[in-house]
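Trainee: Could you take me through the salt bridges in this one, and then whatever lies around them? I'd like one connected story.

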Amino acid sequence: QEQLEESGGGLVQAGASLSLSCAVSGSTSSNYFMGWVRQAPGKEREFVAAVSWSGGITYYGDSVKGRFTISRGSAKNTAYLQMNSLKPEDTAVYYCTIRYGSSWGVPDYWGQGTQVTVSS
């Protein structure tokens with residue numbers, strides 16, 4: 001059973017930076033995308049970013065392009081989300097997700113989520 005554990009959330013001021021980490025255990029295959037999806041109170045889930053197994057393919061949501069960077073760790077079961085120039089509208093619960101295979105789409109597994117709060 002896959003388990004995803006996020007860390008790194010917290011409370012920061014607008015304009016600050018924050019980094020999230022995710023570690024996957026129990027995976028049944030060695031080829032999967034890792035991604036981040038967020039959900040703000042009263043809003044629908046929003047795609048943030050995804051990265052391929054090799055780290056060579058990345059995708060970003062329009063609202064975070066140019067500010068967030070997703071990367072894969074040398075231990076391929078880890079991923080990081082570097083968030084710069086944070087805005088109050090980035091406040092949300094951030095979920096680490098994985099999708100097996102060579103393309104990104106609807107995630108197969110989700111973590112418990114970590115809260116990111118950006119104050120104005």
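Mentor: The structure holds 4 salt bridges, a salt bridge being a side-chain nitrogen of Lys or Arg within 4 Å of a carboxyl oxygen of Asp or Glu. Keep in mind that this is a predicted model, where local features need pLDDT of at least 70 and side-chain atom pairs count only at pLDDT 80 or more, while totals for chains, interfaces and linings use all residues. Residues are numbered from 1 along each chain as its sequence is written, and side-chain values use heavy atoms, with hydrogens and water left out.

Let's start with Arg-38. One of its partners is Glu-46, with the closest N and O atoms 2.8 Å apart. Arg-38 is buried at 4% relative accessible area, where buried means under 20%, exposed means over 50% and partly exposed is in between, using a 1.4 Å probe and protein chains only. Glu-46, at 30%, is partly exposed. Arg-38 also makes a salt bridge with Asp-90, at 2.9 Å from N to O. Asp-90 sits in the loop between strand 8 and strand 9 and Arg-38 in strand 4 (residues 32-39), so this pair ties together parts 52 residues apart in sequence. Strands here are DSSP runs of E with at least two residues, numbered from the N terminus.

Asp-90 has another partner, Arg-67, and their side chains meet at 2.8 Å, N to O. Shared partners join Arg-38, Glu-46, Arg-67 and Asp-90 into one network.

Now look at Thr-91, which is in the loop between strand 8 (78-83) and strand 9 (92-100). Thr-91 counts as buried, at 18% relative accessibility. Its side chain reaches the backbone oxygen of Pro-88 at 2.9 Å, and a polar atom of that side chain lies 2.9 Å from the backbone nitrogen of Val-118. Setting aside neighbours within four places in sequence, Thr-91 is in contact (heavy atoms within 4.5 Å) with Ala-40, Gln-115, Val-116, Thr-117 and Val-118.

Strand 8 has 6 bridges to strand 3 and 5 to strand 7. As examples, Leu-20 has Leu-81 as its bridge partner in strand 8, and Phe-68 stands opposite Met-83.

Strand 3 (residues 18-25) has a covered face, with Cys-22 among its residues, and an uncovered one including Ser-21. Glu-6 stands opposite Cys-22. Finally, there is 1 disulfide, meaning a pair of cysteine sulfur atoms within 2.5 Å. It joins Cys-22 to Cys-96, S to S 1.9 Å, and links distant parts of the chain, strand 3 and strand 9, 74 residues apart. Cys-22 is buried at 2%, and Cys-96 is buried at 1%.

Methods:
Helix = DSSP H or I, 4+ residues; strand = E, 2+ residues; numbered from the N terminus. Polar contact = N/O pair within 3.5 Å; in protein donor to acceptor, adjacent residues only side chain to side chain. Pairing = 2+ DSSP bridges.
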